[in-house]
Amino acid sequence: MAERPEQWKYLTEQDHGMDVEEIRRSFAGHVEHTQCKDEFSVTMHDFYQALARTTRDRMIDRWNRTQQAYYKRDAKRVYYLSLEFLLGRLLRDGLLNLGMYEGAREALAPLKIDLDEVLETEWDAGLGNGGLGRLAACFLDSMATLGLPAMGCGIRYEYGIFRQRIQDGQQAESPDNWLRYGNPWEIPRPEVLYPVRFFGRVVPRTVEDGRTVFEWRDTQVVMAMAYDVPVPGFRNEAVNTLRLWAAKASREFDLHNFNRGDYVEAVQEKNATENISRVLYPADQVVQGRELRLKQEYFFVSATLQDALRRHLKVHGTVRNLHEKAVFQLNDTHPALAVPELMRLLVDEHGLGWEEAWHVTRHACAYTNHTVLPEALETWPVDLVGRLLPRHLQILHELNARFLAEIRARYPGDEGKVRRMSLFSEGPDERVRMAHVAILGSYSVNGVSGLHTKILQDRIFPDFAALEPGKFNAKTNGITPRRWLLNCNPPLAELISSRIGPGWARDLRQLEKLLPFADDRGFREAWRVARRGNKVRLAALVEKLCGVGVDPDSLFDVQVKRIHEYKRQLLNILQVWARYRELKRGVGRDVPARTVLFGGKAAPAYEVAKRVIRLINDVAAVVNRDPETNRLLRVAFLPDYRVSLAERIMPAADLSEQISTAGMEASGTGNMKFALNGALTIGTLDGANVEILEAVGAEGLFLFGLDAPGVVELKARGYDPRAYHAADPVLRDTLDSLSRGELTPEEPGRYRSLVDSLLFGGDPYLLLADFGSYRDAQAAVDEAWRDPEAWTRRSIRTVARMGGFSSDETIARYATEIWNVPIDGRRG
């Protein structure tokens, strides 16, 4: 490319101004020239779009400089591959990270525009189902804040996670058309376009030097087009990239049908092609759903790797050193096809020999495991993989044959180990084990908490851990303090900064300076005032969304997360039903008033989870309308739980419910968000609860239930849930009353099958085993809440000791211990 003229260089290197008048001028310009509106036609949505683009302009100034700096220093690149990025709203974050927040407020004030109202106009970008996608979003923020040359890579879903409505107490789903009004943050890159191939056949061919090469022919081609979203670091001039891929029909694919005159067929095939990026995670109960999901996984992996190779070859003349200049972090098993795809690209497209390609691949990929649940460890039917990706199945078979030969040589005669470690499961339904593929093809395998990593090594993948013990490591998850305290909880953030300064937003360990203030009566009072204001605002929202009036001076007891049996929302609502029945009998009428709040989405095909939602709403309906007890107990289910709703809930919670069956939750980050905002935790020793206990001490948690070894021991001994039912009269009354239909006399059998699944279905998540201990812990919560001064001390100390749970620290450990990438938090 020719050298730019000096005048061009001068024009493009002039930054957009950050002063109030410049912000106002940019905003007005976007209202008029981008939105094409005047004072008579402009809407609040136009104001949002104009302010977002005003903010984006200033990001782009820094974005271009950051990317140029990465190229100039030939930085090693980090590609963070995730099928989910649960971004939420971006405008407030952008304003805060650029240091524009107060300037924007001042710029809009003379125009009689309320910044808060503009911020509320933004639609959540729900490109994820829950914790996995939200973690990825936090990591993007931290990678930019630490100045790491990193890029997030995912899919630009046209429809994100479904919108949830509650109708007659039951979940109803509707599409989340989040792009309906446009996305001001994204920059389409029509020139960044890669072919992604499916189906076809593999033809071996012998070339002149005697080698056999494999040609993948007669394929269906889908084009992957990039859309870039800028990711600003926190006041450090660095702006990274989230690159999302959209599926587009190839021009040749369209013209083939149009030229035959079959216009309808051409349009239908074009739509089918572009379905790959249409919807987040299609239900996989049917063959088409499984095929589409596998297509999604390969689609974004192939596009990302082709893009990374192109970027690498711009600077380096060979792909042989790719592993020295790039690392591909696989966020769970969804991107595990990166292993055979990188092998295919290196061997088939770039001419490397097998051993050399395998060396590059194994030293370029790293894998994060996020689950210990066997059903969540992805496997794919071999026939599906072979039909959709025939060349990749060949590569996987070759990798497996070579790997198992090594295992047999190292462990002669141990065919059990060979079967356990194979990339393929045996049996009539032979499947590809994607976690095994990721482990074999990566130089690092990390769990997301200390307990989780130990379970991976001891129970889930012990053979792999014994083979390469140095490969496995723990990287406890974290959360960005910018969104999850500075952004979502301004009253508490301002109070903290007034005492210890604002530096904690970049260095969360500085919160330790709050410890002496726990003994300051005036500070405790200010703490309660800040938190009560949050509770008043949440109470108004609960009434608006649920029609339930709640007392902001009651204890706000909150469980919000994806609805799943192992997360045990059922245990929580059973305890609530038991509490209500005791209150009705006159027992415990002196307990503190409590508001129990639930939120979360159940997968559309997950019938048990949807039944739990209905049970929560049925209990709420009975409890809330009972004048005899409703001053002491209220229940509400907040619909359509999402990031922006979490930002309203977490600052107002007094008690955080983290009650999963011990050994089932890999980490959890909701537990961290609640604790960072001052909630105390009731929970099991599961996931990151263990590390939170180590950090904040016993005063920050009300622990109950079996620990992970206790769960294993009980199941090995032979768990009989009916024995607990027989021995505990409160538990017996709670379950029997539901089974008899006392909650729903209009349909007495509504919850009989749910109760039977606990008593006669084995109760796999040990609700009945932990029920008594859980009730005891709730009684301890009641007792502690009676002393507001002591509770506030515990709340302050909890926040003060949460500094180790910043995603900045987590990412710093990835950078130094896995990626070998230097940290420069000052700028890109």
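## Cavities and helix packing

The residues lining the second largest cavity divide into seven nonpolar, two polar and four charged. The model is a predicted one, and this cavity has a volume of about 120 Å³. Its lining comprises 13 residues, of which Asp74, Ala75, Arg77, Arg311 and His312 lie nearest the centre of the cavity. Helix H3 (44-72), strand E1 (77-81) and helix H10 (287-315) each supply at least two residues of this lining, and H10 gives the most, with four residues.

A search of the whole structure finds four cavities of 30 Å³ or more. The largest cavity has a volume of about 240 Å³, and of the 18 residues that line the largest cavity, Leu90, Asp93, Val231, Pro232 and Arg483 are the closest to its centre. At least two lining residues of the largest cavity come from each of helix H4 (91-98), helix H7 (131-145) and strand E10 (220-232). By class, the lining of the largest cavity has 11 nonpolar, three polar and four charged residues.

The packing of helices is a second topic. Two packed helices are described by the angle between their axes and by the distance between the axes.

| Helix pair | Axes come within | Crossing angle |
|---|---|---|
| H2 (residues 20-34) and H5 (residues 101-108) | 8 Å | roughly 65° |
| H21 (residues 490-500) and H22 (residues 521-546) | 9 Å | roughly 160° |
| H30 (residues 729-740) and H31 (residues 752-759) | 8 Å | roughly 140° |

For H2 and H5, whose axes cross at roughly 65°, the crossing is right-handed. The contact is made by Val20, Ile23, Arg24 and Phe27 of H2 together with Gly103, Ala104, Glu106, Ala107 and Leu108 of H5. By class, this contact of H2 with H5 has six nonpolar, one polar and two charged residues.

The crossing of H21 and H22 is right-handed. On the H21 side, Pro491, Leu492, Leu495, Ile496 and Arg499 take part, and they meet Phe523, Ala526, Trp527, Ala530, Arg531, Asn534 and Arg537 in H22. The residues of this contact of H21 with H22 divide into eight nonpolar, one polar and three charged.

The axes of H30 and H31 come within 8 Å and cross at roughly 140°, and the two helices are therefore oblique to each other. H30 passes H31 in a left-handed crossing. Leu735, Leu738 and Ser739 of H30 make the contact with Arg752, Val755, Leu758 and Leu759 of H31. The residues of the contact of H30 with H31 divide into five nonpolar, one polar and one charged.

Conventions: Residues numbered from 1 in each chain as written. Predicted model: local features only at pLDDT ≥ 70, side-chain atom pairs only at ≥ 80, totals over all residues. Heavy atoms only, no water. Axes fitted to C-alpha atoms, helices over the stretch in contact; angles between N-to-C directions. Left-handed = near helix turned anticlockwise from the far one by under 90°. Contact = heavy atoms within 4.5 Å. Nonpolar A, V, L, I, M, F, W, Y, C, P; charged D, E, K, R; others polar. Parallel < 35°, antiparallel > 145°, perpendicular 65-115°, else oblique. 1 Å grid on protein atoms, 1.4 Å probe; cavity = no way out; pocket = protein on both sides within 12 Å on 5 of 7 lines; lining within 4 Å. Points joined across faces, edges and corners; volume = space filled by probe spheres on them.
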